[in-house]
Amino acid sequence: VVVKITDYGGPGKKPEGKVVEVLGHVNDPRVDILSVVKAYDVPLEFPAEVMRQIKKIGNEVLKKDIEGRMDLREWQMVTIDGEDAKDLDDAITLTRQGDGYQLGVHIADVSHYVTEGSPLDQEALKRGTSIYLIDRVIPMLPHKLSNGICSLNAGVDRLALSCIMDIDAKGRVTGHKIAET
């Protein structure tokens, strides 16, 4: 249970409290995980102002958002997140260039949707990271972003920030370019 302390007690008097939430049976393994979440005051829900902000974000990249960006849609990319990941936010490309290679490292452009100082930005800053537990993920960003428009899924347009490096035959970086893609 989650208890709100109403009296901390003192010498000869035990603390008292009021049950504010029942998490479940003590032998249920999920209760242990939920009790850790509650003990560290990890928010499971997003505030209403964050949910209002993400309603304004579409599910598809708009043509106007692509303008001025380097177009890499024809490049063969491989995501580097684990095979059971749902939020694919990192990818790489590798192509042979003469005696060397061109290596691209690409990360979803979350900053396009999470504007500085916005409720979404403040909540992401407060959370700091997604938390991966045995039976769930408590995301830093709402599902619509982390598993949607900011997830580098195959066959759909997504915005990214990319570092494209020229690598010589000995593995040395000989040049690079950072681009909005």
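# Helices, loops and a few single residues

Q: Let's start with helix α1, residues 29–39: which residues are buried there?
A: In this predicted model, the buried residues of helix α1, which covers residues 29–39, are Val31, Ile33, Leu34 and Val37.

Q: Why do they line one face of the helix?
A: If you look down the axis of α1, the buried residues fall within an arc of 160°, so they line one face of the helix.

Q: What do the buried residues of α1 pack against?
A: The buried residues of α1 pack against β7, which is made of residues 137–138.

Q: Can we zoom in on Val31, and why does it count as buried?
A: Val31 has its place in helix α1, and it counts as buried because its relative accessibility is 11%, where the cut-off for buried is under 20%.

Q: Which residues is Val31 in contact with, leaving aside its neighbours within four places in sequence?
A: With those neighbours left aside, Val31 is in contact with Leu23, Gly24 and His25.

Q: How far apart are Val31 and Lys18 in space?
A: From C-alpha to C-alpha, Val31 and Lys18 are 19 Å apart in space, while in sequence they are 13 residues apart.

Q: Back to the ends of the helix: which residue caps the N-terminal end of α1?
A: The N-terminal end of α1 is capped by Asp28, which has a side-chain oxygen 3.1 Å from the backbone nitrogen of Arg30.

Q: What happens just after α1?
A: Just after α1 comes Asp41, which takes a positive phi of about 55°, although Asp41 is not a glycine.

Q: Where is Asp41 found, and is that residue buried or exposed?
A: Asp41 is found in the loop between α1 and α2, and with a relative accessible area of 68% Asp41 is exposed, because the cut-off for exposed is over 50%.

Q: New topic, helix α2: which of its residues are buried?
A: The buried residues of α2 are Val50, Gln53 and Ile54.

Q: Why are they on the same side of α2?
A: Around the axis they cover an arc of only 95°, which puts them on the same side of α2. The face of α2 turned away from that buried side carries the exposed residues Arg52 and Lys55.

Q: What do the buried residues of α2 pack against?
A: They pack against α4 and also against α5, which is made of residues 143–149.

Q: How do the axes of α2 and α4 cross?
A: The axes of helix α2, residues 48–55, and helix α4, residues 119–127, come within 8 Å and cross at roughly 125°. That angle makes α2 oblique to α4, and the crossing of the two helices is left-handed.

Q: Which residues meet there?
A: On the α2 side there are Glu49, Val50, Gln53 and Ile54, and these meet Pro119, Leu120 and Glu123 in α4.

Q: Gln53 keeps coming up, so why does it count as buried?
A: Gln53, whose place is in helix α2, counts as buried because its relative accessibility is 14%.

Q: What lies 2.8 Å from a polar atom of the side chain of Gln53?
A: That is the backbone nitrogen of Leu120. Leaving aside neighbours within four places in sequence, Gln53 is in contact with Tyr113, Thr115, Ser118, Pro119 and Leu120.

Q: Now the loops: where is Asp168 found?
A: Asp168 is found in the loop between β8, residues 160–167, and β9, residues 173–180. At 18% relative accessibility, Asp168 counts as buried.

Q: What does Asp168 touch, not counting residues up to four places away in sequence?
A: On that count, Asp168 touches Gly100 and Thr174.

Q: Last one, Pro11: where does it lie, and is it buried or exposed?
A: Pro11 lies in the loop between β1, residues 2–7, and β2, residues 16–21, and Pro11 is exposed, with a relative accessible area of 89%. The C-alpha atoms of Pro11 and Pro47 are separated by 41 Å, with the two residues 36 residues apart along the chain.

Technical notes. Residues numbered from 1 in each chain as written. Predicted model: local features only at pLDDT ≥ 70, side-chain atom pairs only at ≥ 80, totals over all residues. Heavy atoms only, no water. Buried < 20%, exposed > 50% of the residue type's maximum accessible area, 1.4 Å probe, protein only. Helix = DSSP H or I, 4+ residues; strand = E, 2+ residues; numbered from the N terminus. Arc of directions from axis to C-beta. Contact = heavy atoms within 4.5 Å. Polar contact = N/O pair within 3.5 Å; in protein donor to acceptor, adjacent residues only side chain to side chain. Axes fitted to C-alpha atoms, helices over the stretch in contact; angles between N-to-C directions. Parallel < 35°, antiparallel > 145°, perpendicular 65-115°, else oblique. Left-handed = near helix turned anticlockwise from the far one by under 90°.
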